[in-house]
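Please look over the structure shown here. This briefing covers its chain contact, its ligand shell and its strand pairing.

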Amino acid sequence: MVTNATSFSRSGLTDWLVQRLSAVVLGAYMLCILGSFVVHPDMDYEQWRALFAADSMRIFSLLSLAALCAHAWIGMWTVGTDYLTSLQFGKGATSIRLAYQAICILLIAVYLIWGIRIFWGT
Amino acid sequence: MLVSIYRYNPETDAKPSMQEIEVEIPADKDLMVLDVLELAKQKDPTISYRRSCREGVCGSDGMNMNGTNGLACITPVSEAAGPGKKLVLRPLPGLPVVRDLVVDMSVFYKQYEKIKPFLINDNPAPAIERLQSPEDREKLDGLYECILCACCSTNCPSYWWNPEKFIGPAGLLQAYRFLADSRDTATAERLAELDDPFSVFRCRGIMNCVAVCPKGLNPTRAIGHIRSMLLAQGT
Ligand code: SF4
Ligand code: SF4
Ligand code: FES
């Protein structure tokens with residue numbers, strides 16, 4: 001068993017599952033947005049606002065945002081632990097990787113909070 | 001025929017170099033790469049490589065031939081280099097070089113050791129032997145044949161990046177060999193050892209391992225089976 005403190009869930013299986021399920025949610029959301037453009041080819045700002053004002057759409061948007069954040073973290077964590085290791089950077093690798101992970105987490109947290117405000121704010 | 005061979009002695013050389021040697025090959029024959037290497041060694045006896053069985057059984061002469069991993073003893077020159085082309089021989093990628101084409105396989109064996117490559121069964125041993133039905137025995141086909149040549153693991157990018165943490169295709173093929181064995185009773189413990197973000201889940205399914213296995217085995221499929229077993233147990 002290889003342990004790791006910074007992976008999304010500590011479990012490889014859970015990370016793997018979350019990565020796949022979040023991809024499905026994001027795919028469905030993308031189709032939903034694209035579909036609404038197809039149904040209303042000449043959508044104006046008022047219709048656009050009304051679309052995102054519906055509770056169902058707010059829930060779906062927020063769910064997709066959460067899926068995006070989880071998906072992004074698992075992906076960025078994987079990339080970081082592949083390429084930012086002692087094989088490439090020797091002794092300094094831990095600091096480089098930790099800094100990279102901190103920046104990623106921070107950005108994702110900001111986007112999440114910001115996104116909640118946009119989708120569910122007044 | 002022109003042969004280009006990777007030369008490196010970490011104790012004396014600052015960095016690796018490629019040595020070009022002209023080898024005379026009988027016109028009507030398609031030699032194996034290992035035969036060409038033997039001819040080259042007659043010209044320069046300092047060239048180092050491993051080999052033993054010279055028939056694809058022992059797994060000791062895994063090397064990189066014109067960019068592709070394989071066993072030198074069963075790879076025809078025509079296949080490795082193509083007609084009239086230069087034969088380029090390098091050690092298996094990703095492992096530390098001991099000398100020329102000889103690599104240090106310690107980390108590869110460490111991963112193999114991790115998966116406990118032996119039958120675990122706490123039930124009292126029967127008088128004669130632990131029997132297996134022909135159907136259960138069949139499940140081990142395509143798994144037990146592995147000769148641990150390391151051609152697959154050293155062709156796997158995930159293994160290059162995390163050789164200490166990702167078990168790699170060879171080790172995982174063997175992990176599944178024991179998970180699939182009806183006589184083994186440690187399935188749950190074995191799976192628990194594999195459910196971390198590195199051991200199994202570093203596999204990205206690009207099948208580089210399958211492409212080079214000289215025994216025609218399919219580690220990616222075995223990894224898929226392990227994932228399904230983890231899923232069945234973990235959900
Ligand atoms: S399929 Fe998996 S184990 Fe095989 S080469 Fe690709 S990443 Fe490595
Ligand atoms: S799976 Fe194939 S390539 Fe990999 S170690 Fe076994 S025999 Fe060699
Ligand atoms: S020498 Fe034994 S496999 Fe090639």
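What follows is a short tour by topic.

The model is predicted. Chain A and chain B bury about 1700 Å² between them. Ligand 1 has a shell of chain B residues, Cys156(B) and Ile223(B) among them. Over all chains, the salt bridge count comes to 13.

**Contact between chain A and chain B**

- Chain A brings 18 residues to the contact, and chain B brings 21 residues.
- Carbon and sulfur atoms give 63% of the buried area of about 1700 Å².
- On the chain A side, Met1(A), Val2(A) and Leu13(A) lose the most area to chain B. Together these residues account for 38% of what that side buries.
- The size of an interface is often given as the accessible area lost when the parts come together.

**Polar links across the contact**

- Nine residue pairs are in polar contact between chain A and chain B, with both residues at pLDDT 80 or more.
- The count of salt bridges between the two chains is one.
- That salt bridge joins the side chains of Asp82(A) and Arg202(B), at 2.8 Å from N to O.

**Which parts of chain A take part**

- Three helices of chain A each supply at least two residues to the side that touches chain B: α1 (12-39), α3 (55-83) and α4 (86-89).
- Helix α3(A) gives the most to that side, with five residues.
- By residue class, the side of chain A that touches chain B divides into eight nonpolar, eight polar and two charged.

**Shell around ligand 1**

- Which residues surround ligand 1? They are Cys156(B), Pro169(B), Cys203(B), Arg204(B), Gly205(B), Ile206(B), Met207(B), Asn208(B), Cys209(B), Thr220(B) and Ile223(B).
- The shell residues divide into seven nonpolar, three polar and one charged.

**Strand pairing in chain B**

- Strands β3 (residues 62-65) and β4 (residues 68-71) of chain B pair in the antiparallel sense over four bridges. Here Gly62(B) stands opposite Leu71(B) in β4(B).
- The hairpin of β3(B) and β4(B) has two residues between the strands. In this hairpin, Asn66(B) takes a positive phi near 45 degrees.
- Strand β3(B) also runs antiparallel to β5(B), joined by two bridges. Asn64(B) stands opposite Arg90(B) in β5(B).
- Strand β1 (residues 2-7) and strand β5 (residues 87-90) of chain B pair in the parallel sense over three bridges. In this pair, Val3(B) stands opposite Leu87(B) in β5(B).
- In a regular strand the side chains alternate between the two faces of the sheet.

**A salt bridge within chain B**

- Arg7(B) forms a salt bridge with Asp100(B), and their closest N and O atoms are 3.1 Å apart.
- Why does this pair tie together parts that are 93 residues apart in sequence? Because Arg7(B) lies in strand β1 of chain B, while Asp100(B) lies in the loop between β6 (97-99) and β7 (102-103) of chain B.

Terms used:
Residues numbered from 1 in each chain as written. Chains lettered and ligands numbered in written order. Predicted model: local features only at pLDDT ≥ 70, side-chain atom pairs only at ≥ 80, totals over all residues. Heavy atoms only, no water. Contact = heavy atoms within 4.5 Å. Buried area = accessible area lost by both parts, 1.4 Å probe. Salt bridge = Lys/Arg side-chain N within 4 Å of Asp/Glu carboxyl O. Polar contact = N/O pair within 3.5 Å; in protein donor to acceptor, adjacent residues only side chain to side chain. Nonpolar A, V, L, I, M, F, W, Y, C, P; charged D, E, K, R; others polar. Near = heavy atom within 4 Å. Pairing = 2+ DSSP bridges.
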